[in-house]
Amino acid sequence: MTADAPGRVNLIGEHTDYNEGFVLPLAIPQRTRVELTPRDDRRVRAWTQARPADPPVAWKLGAEAPTGGWADYVQGVTVALARERHQLGGFDLRVASDVPVGAGLSSSAALCVALLRALRAAYALPLGDVDLARVGQMAENDFVGAPVGILDFMASSLAGERAALFLDTRSLAWRAVPLPDGLDIAVVDSGITHAHATGDYRVRRAECAQAAQLLGLRALRDATLDALDVLPPTLRRRARHVVTEDARVLEAVRAIEAGDLPWLGRLFSASHASMRDDFAVSLPPIDRLVEVAEEQPDVFGARLTGGGFGGSIVLACRAGTAEAVAAATAAAWAAETGGAPRVHVPWSGP
Ligand code: GLA
């Protein structure tokens, strides 16, 4: 039994998912593939091609225990399925992936969704694609212990490479938004990983929850700009990012559907400024990477994508130029900063 699932790049709508707002991710061509062989007992053995010399990580269903490694996502999935009362048997699992790890492109969601697809097929589990996303999120929240939203899992389970997934994370209603012919999307990975990324993410999440509570709201999705004045300064800035970012997602859908790419580019730039100044999840070298990208001809706009504190930027550029502008951006930034960027070009227009 084989299955696969893609990584994702979020075009816009950052740190809105756990505020019950809007997101607009796209699948990238890089995927995680799994080969699953059911066993007669309740043992699981898992190998990854990334560590070919390692012995398999092994455990018994029902006796999962976190190890701090990649297989925690596999254990998290079997625990979450058991909690949801799905019947599984043991299995051998082989994982191979070309989704970059630590680049903010959701390698962990790709692993969870690929595994869930394989398990659904192997054990005829009555799970729809949205259910797969929910179970994946549960695995990461409850077992791995990372308080992430549903963005990455919905994107890996449902997004296409040529149509973005416009998702309302409150209702989980979604629709595909095909990208216009004139647009290319490129991704440049800064190569920077922030040691405290998970801790800082948790802090931002708590700040948003606190702001919503002070405003008497269930989530910042329901806040308006005018109402934010009552908040203390830091929380006001955090909430302002969420409120303006939700509005930018709705505008970005309109810009894409109108084929107005300069408008889309302006929204990317404004989103980055908001993540930098109000939400404080960027880093100076990433700000510079965005500036260098926006200095390239043919780039409509660029922004930090994903959780922040390192990771990748996403560029919207004229069709046919993604490869060249991404390479030029990476080279110019590397020369200036001594950084080691990597280029991913997930999508080229027809
Ligand atoms: C990470 C999380 C997502 C989302 C983004 C920020 O990628 O996994 O749930 O919160 O950060 O938009």
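Modeller: Buried means under 20% relative accessible area, exposed over 50%, and partly exposed in between (1.4 Å probe, protein chains only). This is a predicted model: local features need pLDDT of at least 70, side-chain atom pairs count only at pLDDT 80 or more, and totals for chains, interfaces and linings use all residues. Residues are numbered from 1 along each chain as its sequence is written, and side-chain values use heavy atoms, with hydrogens and water left out.

Colleague: Is R238 buried or exposed?

Modeller: R238 is in helix α6, residues 233-258. Helices are DSSP runs of H or I with at least four residues, strands are runs of E with at least two, and both are numbered from the N terminus. The relative accessibility of R238 is 7%, so this arginine is buried.

Colleague: Which residue in contact with R238 is also an arginine?

Modeller: Contact means heavy atoms within 4.5 Å. Neighbours within four places in sequence aside, R238 contacts E207, D278, F279, A280 and R204.

Colleague: What else is in contact with R204?

Modeller: Again, neighbours within four places in sequence are set aside. Besides R238, the contacts of R204 are Y18, F279, A280, V281 and F309.

Colleague: How many aromatic pairs are there?

Modeller: Rings of Phe, Tyr and Trp (its six-membered ring) pair if their centres lie within 6.5 Å. Planes under 30 degrees apart count as stacked, over 60 as edge-to-face and the rest as tilted. By this rule the count is two.

Colleague: What is the geometry of the pair formed by Y18 and Y201?

Modeller: The ring centres of Y18 and Y201 are 5.5 Å apart. Their planes meet at 70°, so the pair is edge-to-face.

Colleague: How many residues apart are Y18 and Y201?

Modeller: Y18 sits in the loop between β1 (2-10) and β2 (22-23), while Y201 is in helix α5. Y18 is buried at 11%, and Y201 is buried at 14%. The pair links distant parts of the chain, with a separation of 183 residues.

Colleague: Which kind of aromatic pair do F22 and F166 form?

Modeller: F22 and F166 have centres 5.9 Å apart and planes at 35°, and the pair is tilted. F22 lies in strand β2 and F166 in strand β7 (residues 163-168), so parts 144 residues apart in sequence are tied together. Both F22 and F166 are buried. The kind of pair is tilted.
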